[in-house]
Amino acid sequence: MSRIISNAAGTIGLILLLLLFLSVTGPAFSADPDPEDVNRDAREALNKAEYAEAAKLFEESRRLTTEKEEISRALYWEAFSRSRLHQTRELKRAVELLHQKEMRYADSETQAESEALAARIYGELANRGEADAIREVHRQANAEGRRVETRVAALQSLLEMDPDRALPILERIIQDDTPENRELRNHAVMVACHQGGSRFQKM
């Protein structure tokens, strides 16, 4: 009888040790979600306008992948999702993500869209009185070396925020009919006409 009890005690002891081992090492054996599944779920949330959920999932997809282009795209779409929440805290976080993207993945395929998105977010923050954003909108509206999409977005924001500062910039762009300025000029004309600027209609 004592031998049976001893064997039973030994077996129970082994079971307890095994359970303890699993409780300690279990997380190491748990597999991360498939990045493609997370990315698909993120896009579905985005399509449903579930922006908070989409932002969370795009953030997770960045953590799960090592592919630079995938990380870059996830940064853009997370920033986009956060910007659609229209909360000052989320807008600032979106700008941080886009800045991070520009610093690390400046040659990515979504960089032009990222810069234009950042310009629009700065405009929204500037309209809320954020001093840094106001300075950035002014800087981008005057930055001759910026991409056309970025500068146009900044000009539109500046027009809403400070028309007296924006109109002379638009006028200067519209008067410049050089070939290298033509694309920006065409956009500037459309922006000016949309604002009802009669002073530009004969240019």
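Searching the whole structure turns up 17 salt bridges (a side-chain nitrogen of Lys or Arg within 4 Å of a carboxyl oxygen of Asp or Glu). Keep in mind that this is a predicted model, where local features need pLDDT of at least 70, side-chain atom pairs count only at pLDDT 80 or more, and totals for chains, interfaces and linings use all residues. Residues are numbered from 1 along each chain as its sequence is written, and side-chain values use heavy atoms, with hydrogens and water left out.

**Pairs within a helix**
- Arg 40 bridges to Asp 37, with 3.0 Å between the closest N and O atoms.
- These two sit three residues apart in helix H2 (residues 35-47), so about one helical turn separates them (helices are DSSP runs of H or I, at least four residues, numbered from the N terminus).
- Arg 40 is partly exposed at 42% relative accessibility, and so is Asp 37 at 34% (buried is under 20% relative accessible area, exposed over 50%, partly exposed in between, with a 1.4 Å probe and protein chains only).
- Lys 56 pairs up with Glu 53, the closest N and O atoms being 3.3 Å apart.
- Both lie in helix H3 (residues 51-64), again three residues apart, or about one turn.
- Lys 56 comes out partly exposed at 47%, and Glu 53 partly exposed at 33%.

- Lys 92 and Glu 130 meet through their side chains in a salt bridge of 3.2 Å, N to O.
- This one links distant parts of the chain, 38 residues apart: Lys 92 is in helix H5 (residues 88-104), while Glu 130 is in the loop between helix H6 (111-127) and helix H7 (131-142).
- Lys 92 is partly exposed at 38%, and Glu 130 is partly exposed at 25%.
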